[in-house]
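Me: Please take a close look at one chain of this structure, starting with how it is divided up. After that, say how it meets its partner.

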Amino acid sequence: MSSKKYVISFPHIGNYYVPVYNLLSKLIDKDTTKILVPDKMSKNTIDIGSKFSPEYICVPFKYNMGNFIESLNKGANVLIQAGGGCRYGYYAEIQEQILRDMGYDFKYITLLDPEGVNIKKVYGRFKKINEKLKFKDFALHFIFAIKAINILDKFETYIRENIVFEKNKGELEKIHKNFLEELKYINSYKELYEFKNKYFNLAKNAVKNDKSDVIKIGIVGELYTSMEPFSSMFLEKELSQMGCFVKRYTTVTYLLFEKGRAQKGHLKNAKDYVCHSLGADGLESVSHTLELVNNGYDGIIHIKPFGCTPEINAMPILQKISREKNIPIIYFTFDSQTSEAGIKTRLEAFLDMMVMRKEKIKKNRREVYG
Amino acid sequence: MDKYYIGIDIGSISTKAVIIDDDKNIVVSDYIWTCGSPIEATKKVITNLDNKLKEKNIIPKIYGVGTTGSARNLVGNVVGANIIKNEITAHAIGTLSRYPDVRTILEIGGQDSKIIILNQGIVVDYAMNTLCAAGTGAFLSSQAKRLGIDIENMGDIALTSKSPSKIAARCTVFAESDLVHKAQIGHKKEDLIAGLCNSVVKNYLNNLSRGKKIEDKVVFQGGVSKNKGVVKAFENELNKKIYVDENSHLMGALGIAILSKEANKEEKEIDFDFNIKDVAFKTVGVECSGCSNNCEIIYIYKNNKVIDKIGGRCEKSNLLQNKVANI
C-alpha cells in the first residue's frame, strides 16, 4: 500500500501506457499522488476480468476489468477510463458499478463524453485530484501528450511495416523497447524532437534497403483487438515472423484526430457498398479494405471481439468485396480464450493460399509475355 | 529403387497415414483411432504401414515425411518430418491431385469441418468451424449410439427413409432434444437417421458456407463422407453432383505426402525408422515463468533426450530447457 493520498491507474491498450504515464506525471500533484501503471497483460488479467464481467460483453471490457482489479488490489484509488462510439461508450458506467458492488472505493475519471473529448469537463475531473492544476497548464500538457502519442504511433507504424526487412532479427524490437522506456520521461518539445530523430535514425539503420517481394497483408477491424496485441494473440508479430508486411490503419492518432475528418472521404470511397455509417469503425473497415485492394495488397485480415456489432455489420459487405474484387479476406473473432492453435492453423493456411496465388499469377504472366 | 513418401494426418479422432510413390499413387494406407494419444497412434500407424509394405514385398526408400492435422507439430518432431503443414492446405493439395478441376471441397471430420473454395487450382477462400462441434462426426456417432445402431450402417439406413424427420440444425443441443422428442412420438428409426443427416448438412452450410459460392465440381471428404445419407442430403440441398473419392478419408494424408515430395528439392533420402514403436517418446509440459505471458511449452524427449520443443514466444524458453532436461 502506498502512503500517497491518490494512486491513479488506467487500463492498458498497446503501448499507450507510456504517453499516458508521461501526461499523468505532469497533471498530478506529486506530493499527494502516485501513478500505478497496471500489470502487464497476462492470463491472470483476462481470467479475473472475465470472472467479474457479464458473459456476453465484448472482450475489451473484460481486459479493462482485469486491469482495474489488478490495479485496485495494488492500492489504486483513482481510475481512468476512455470511451467510444459503440458499447465502449457505456463501459465506464458499468465498470464503475461492478467495481463498487465488489466493495472497492475509488474515484473515477472518464475522458470521453458522448459528444467527444470535452477538454473543459475533463479538466474539471482532474482538478478534483489536484487542486493546484491550472487550466492553461492542463491544456498545454494535453497538447504535448497528443504530440507524444503521434510520434509513438508513427514510430510503431514504421516498426510494424519494416520489421520483416530488419537486418538482424530482434534488433528493431530492442530499439522499440528502449524507445518506450525513454518516452516516459520526455519533458519538452525540444527533447521530444531530438528523441524522435534519434530513434527514427536508429530504426532506419536497422532495416535493409532491399525491400523485395513480400506478402502484403492489411489488418482492418475493431480498435481494441487491433491495438492491443495480447487480445489478438500477437497476430501482427506472428505475421511478421512468417515474413509478411503488415499494414494497420487504426491507431489512437487516427481515432482521435483523423477519423472525424475522414468520415466523408470514407463514405465516398465506399459508396458502391455503403451509404451511411455502420457504427464505430464499421465504415472504416469497408473503406480501408477497398483502399488496400486498390493498393495491391495480397490479403486482408478482419478482426473483432466476439459480438462486436459494428464489425458484424461490416462483414457481409467485406464478403461481397472479397467476391467482387477477388481478394482473400479472413475473419478472426476474439474472446477470452487463449488457445493459439486454431489461429495459427488458419493464418498458416491463409498465407499458403496467398503464396500459391502469387506464384500462379507470376506463372501466368510468364506464359503471356514469354 | 523407387522413391516413396509418407504422409501422416493426425486428427483429434482418427489418425490417417499413406505412403505414395513418385507418381503420387497411394501404395499403402492405414486409418486408426487416435484415442487421445497422438504419439502412440502414430507408432501404431507406422507399424501397420510397414507390415502392409512387407506383404507387398516392397522395401521402400523414403524421400519425404510430412505431418498435418491438429497434432502435426508434436508428431512432426517425433518422426522427423521434412514438412509440417496445416490441414487446410494439405486437404486442398490432396484433392487437387485427384480432381484438378475441383472448385469446392466440403470436409467433415471428427471434431471439425471446413470448406475450401478453389479457382483454377488455387485456394481462394476457406472457412473452418470455430467454437462448436455441431454438425461433425462426433455428433453423428454419439447419436448413432443413442439410437443403438453402428455408425458404419448409418448411411445405408438413412437411404431407406421416405420421409425424413425434421430435426433442428442450429445446435446439437436442440437437435438432440428434437431427436428424442420425435423418437418418443413414434417416428421411424430410418426417418430419424435421415433427419439427422439433413440437419448435419444444414448446420454445415449455415456455419461455413456463409457468403461463399459453392460451384461445381464439388468434392466431399473427411470421415463423414463415408456416410451415404449425408452425401445424399448434400446433393438435395445443393442440387449438385457430389463427388466422393474412394479414399476420401485420406485426402489430408495424401496432400501432406505430396507436399513432402515437393519440399525435398534436393531429392535426398530421409533417414526414417519404421521401428519407431520401440523408441520411447515422452513429453513434458512446463509453464515458462520468464514473464507474464506464462507460455506453455512442451518438451519432446526421445529416449530421454530432448529433441525439440513446441510453444514459447521468446528465447527465454530455451533457458528453461536446462532445468527440464533433468526431469
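Reply: The domain assignment of chain A gives three stretches: domain 1 covers residues 6-133, domain 2 covers 137-209, and domain 3 covers 213-369. This is a predicted model, and everything below describes that model.

Take the pair made by domain 1 and domain 2 of chain A. Their C-alpha centres are 25 Å apart. To the contact between them, domain 1 of chain A gives 15 residues and domain 2 of chain A gives 18 residues.

How much area is buried between these two domains, and what share falls on carbon and sulfur atoms? The buried area between domain 1 and domain 2 of chain A is about 1,600 Å², and carbon and sulfur atoms carry 76% of that. The size of an interface is often given in this way, as the accessible area lost when the parts come together.

Next come the polar links. The number of salt bridges between domain 1 and domain 2 of chain A is zero. Six residue pairs are in polar contact across this interface, both residues of each pair being at pLDDT 80 or more. On the side that belongs to domain 1 of chain A, the elements giving two or more residues are helix 1 (17-27) and helix 5 (119-127). Helix 1 of chain A supplies the largest share of that side, eight residues. Sorted by class, the side of domain 1 of chain A that touches domain 2 has 12 nonpolar residues, two polar ones and one charged.

Now step back to chain A as a whole. Chain A contains 14 helices and 10 strands. Its radius of gyration is 22 Å, close to the 21 Å that the globule rule gives for 370 residues, so chain A is as compact as a globular protein of that length. Along the principal axes, the C-alpha trace of chain A spans about 75 × 45 × 40 Å.

Salt bridges can also be counted over the whole structure. Over all chains, the search finds 28 of them. One pair within chain A is Lys358(A) with Asp213(A), whose closest N and O atoms are 3.7 Å apart. That pair counts because the limit for a salt bridge is 4 Å. Lys358(A) sits in helix 14 (residues 341-369) of chain A, and Asp213(A) sits in the loop between helix 8 (189-205) and strand 7 (215-221), so the pair links distant parts of the chain, 145 residues apart.

One backbone detail of chain A belongs here too. Asn326(A) has a positive phi of about 60°, although it is not a glycine. Asn326(A) is in the loop between helix 13 (309-325) and strand 10 (329-334) of chain A.

What numbers of helices and strands does chain B have? Chain B has 10 helices and 13 strands. Its domain assignment lists domain 1 (3-93 + 253-277), domain 2 (101-244) and domain 3 (281-325). Between domain 2 and domain 3 of chain B, the C-alpha centres lie 40 Å apart. The radius of gyration of chain B is 22 Å, which agrees with the value near 20 Å that a compact globule of 327 residues would have. The C-alpha atoms of chain B fill a box of roughly 65 × 50 × 40 Å along the principal axes. Chain B also holds a cis peptide bond, from Asp216(B) to Lys217(B), with omega near 5°. Lys217(B) lies in the loop between helix 7 (189-208) and strand 9 (218-221) of chain B.

Finally, the two chains meet. In this contact, 25 residues of chain A face 26 residues of chain B. The area buried between the chains is about 2,200 Å², and carbon and sulfur atoms give 49% of it. Two salt bridges cross this interface. Asp352(A) and Lys85(B) form a salt bridge, their closest N and O atoms being 3.0 Å apart. On the side of chain B that touches chain A, helix 3 (87-98) and strand 8 (122-128) are the elements that give two or more residues. Strand 8 of chain B gives the largest share, six residues. By class, this side of chain B has nine nonpolar, nine polar and eight charged residues.

Technical notes:
Residues numbered from 1 in each chain as written. Chains lettered and ligands numbered in written order. Predicted model: local features only at pLDDT ≥ 70, side-chain atom pairs only at ≥ 80, totals over all residues. Heavy atoms only, no water. Contact = heavy atoms within 4.5 Å. Buried area = accessible area lost by both parts, 1.4 Å probe. Salt bridge = Lys/Arg side-chain N within 4 Å of Asp/Glu carboxyl O. Helix = DSSP H or I, 4+ residues; strand = E, 2+ residues; numbered from the N terminus. Nonpolar A, V, L, I, M, F, W, Y, C, P; charged D, E, K, R; others polar. Domains from an automatic or database assignment. Rg over C-alpha atoms; globule rule 2.2 N^0.38 Å. Polar contact = N/O pair within 3.5 Å; in protein donor to acceptor, adjacent residues only side chain to side chain.
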